[in-house]
Amino acid sequence: MLVSILHRVTGAGLSIVGLAVLTWWLTALAGGSDAYATFSKAAAHPVGIVVLVGLTWAFFQHLLSGIRHLVMDTGAGYELGINKRFAILTLVGSILLTAALWIYVLEYRR
Amino acid sequence: MSLGESATPLGRVRGLGSAREGGEHWLTERVTSIALLLLGVWLIASLLFLPALDQRTVLEWLHTPSAAVPMALLIIVSFRHALDGMKVVVDDYVHEPGNNFAVNLLLLFLAVGGGAIALFALARIAFGGAA
């Protein structure tokens, strides 16, 4: 239930915020050094980092629950135990992947 | 989309269930999801493997066809997948036909417009002069 709702919420978030950031990033890249400096400044701001971490988590959560939905589309994984375990795995997996990515970025790439 | 035993032979040939449409939308959403699985992981991995994320480095990277082509695909497929997904959400919550049409039209314009802006920016980068 929670994972199904999260699939929608993360999907809507990625559609609106994620694609807006992607488009801003590309137009800033094409728009010259001032435009890119504005984008970089926003991305490095604490609020910007929270948004980017949120988008990364939303991406991994949507990706993993998306895989779960694709498996269930084949008719597999409806047994209560397996279904619940798979759902919990998407939550644990998305948090672990997000943490690993951002620890790497913030600790080793700065 | 399974029609089961209740479909007439003609209905089965046309692929029409009682909803008459939607099968293609459903399938497109899943096909684009698999493409985005690959393209999304590609983008994150590429950004992590770039030596830095300053403008010069990223422009040089997007100047190469091996980056520009997947990025173009990512833009097209992600805006399409977002449009398909948001339509499902809108159809679930906005029932009044007039409002439903208006919100879906707005979504379509946003997706096509946003995708065009992103693609145009990428084209400027990929086909532009030296970074």
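Colleague: At roughly what angle do the axes of H1 and H2 of chain A cross?

Modeller: This is a predicted model, where local features need pLDDT of at least 70, side-chain atom pairs count only at pLDDT 80 or more, and totals for chains, interfaces and linings use all residues. Residues are numbered from 1 along each chain as its sequence is written, with chains lettered from A and ligands numbered from 1 in the order in which they are written. Helices are DSSP runs (H or I, at least four residues) numbered from the N terminus, and axes are lines fitted to C-alpha atoms over the stretch in contact, with angles from 0 to 180 degrees between N-to-C directions. The axes of H1 (residues 2-30) and H2 (residues 33-44) of chain A come within 6 Å and cross at roughly 145°.

Colleague: Which residues of H2(A) does H1(A) meet?

Modeller: Contact here puts C-beta atoms, placed from the backbone, within 7 Å. From H1(A) come A:Trp24, A:Trp25, A:Ala28 and A:Leu29, and they meet A:Ala35, A:Tyr36, A:Thr38 and A:Phe39.

Colleague: Which residue of chain A does B:Leu62 touch, leaving out residues up to four places away in sequence?

Modeller: Within chain B, the residues touched by B:Leu62 include B:Ala67, B:Met71 and B:Leu122. From chain A, B:Leu62 touches A:Leu29.

Colleague: How far apart are the end C-alpha atoms of H3(A)?

Modeller: The expected span is 1.5 Å times one less than the number of residues. H3(A) has 28 residues (46-73), so it should span 40 Å, and this agrees with its end C-alpha atoms, which are apart by 40 Å.

Colleague: Which helix of chain A gives the most to the side that touches chain B?

Modeller: The contact takes 18 residues from chain A and 21 residues from chain B. On chain A, the elements giving two or more residues are H1, H2 and H3. With 11 residues, the one that gives the most is H1(A).

Notes: Contact = placed C-beta atoms within 7 Å.
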